[in-house]
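Notebook open, structure on screen. I want to jot down what I look up as I go, one entry at a time.

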Amino acid sequence: MLLNETELKVAELAADATAIDAIAEKLGIAAADAAGLLETVYRKLGPAKHR
């Protein structure tokens, strides 16, 4: 799997336009950790590639 369970949850919440503070609260983690997880998601998924 490309994303782990926590990264997937962060990605889903971010896709619903959930703020970092709200993501952190829902996951019970610090906002800085939620932001770091979102950065990891962006890095792993990268920009969409067009042919």
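**Entry 1: K9**

I started with K9, which sits in helix α1. A caution to myself before going on: this is a predicted model. Is K9 buried or exposed, or something in between? I get a relative accessible area of 38%, so K9 goes down as partly exposed. I also checked K9 against L38: the two are 29 residues apart in sequence, and their C-alpha atoms are 9.8 Å apart in space.

**Entry 2: the overall layout**

Next I stepped back to the whole protein. I count three helices and zero strands, and reading along the sequence gives me α-α-α. The C-alpha atoms fill a box of roughly 40 × 20 × 15 Å along the principal axes. Of the 51 residues, 24% are buried. I also looked at contacts with a sequence separation of 6 or more: 44% of them are between residues 24 or more positions apart.

**Entry 3: α1 against α3**

How do α1 and α3 pack? Their axes are 9 Å apart and the angle is about 90 degrees. That falls in the 65 to 115 range, so I note α1 and α3 as roughly perpendicular to each other. On the α1 side I listed T6, E7, V10, A11 and A14, and these meet A34, L37, L38, T40, V41 and K44 of α3. Sorted by class, the contact of α1 with α3 has seven nonpolar, two polar and two charged residues.

**Entry 4: the salt bridge**

I then searched the whole structure for salt bridges and found one. Which residue does K44 pair with? The partner is E7, with the closest N and O atoms 2.8 Å apart. This pair links distant parts of the chain, as K44 is in α3 (residues 31–45) and E7 is in α1 (residues 5–15), 37 residues apart.

E7 has 5% relative accessibility, so I call E7 buried. K44 comes out at 36%, so K44 is partly exposed.

**Entry 5: α2 against α3**

For α2 and α3 I get an angle of about 105 degrees, with the axes 8 Å apart. I therefore log α2 and α3 as roughly perpendicular to each other as well. The residues making this contact are I20, D21, I23 and A24 from α2, with A31, A34, A35 and L38 from α3. By class, the contact of α2 with α3 comes to seven nonpolar, no polar and one charged.

Background note: in soluble globular proteins, nonpolar side chains tend to be buried together.

Setting aside its neighbours within four places in sequence, V10 is in contact with I23, L27, A34, L37 and L38.

Technical notes
Residues numbered from 1 in each chain as written. Predicted model: local features only at pLDDT ≥ 70, side-chain atom pairs only at ≥ 80, totals over all residues. Heavy atoms only, no water. Salt bridge = Lys/Arg side-chain N within 4 Å of Asp/Glu carboxyl O. Helix = DSSP H or I, 4+ residues; strand = E, 2+ residues; numbered from the N terminus. Buried < 20%, exposed > 50% of the residue type's maximum accessible area, 1.4 Å probe, protein only. Axes fitted to C-alpha atoms, helices over the stretch in contact; angles between N-to-C directions. Parallel < 35°, antiparallel > 145°, perpendicular 65-115°, else oblique. Contact = heavy atoms within 4.5 Å. Nonpolar A, V, L, I, M, F, W, Y, C, P; charged D, E, K, R; others polar.
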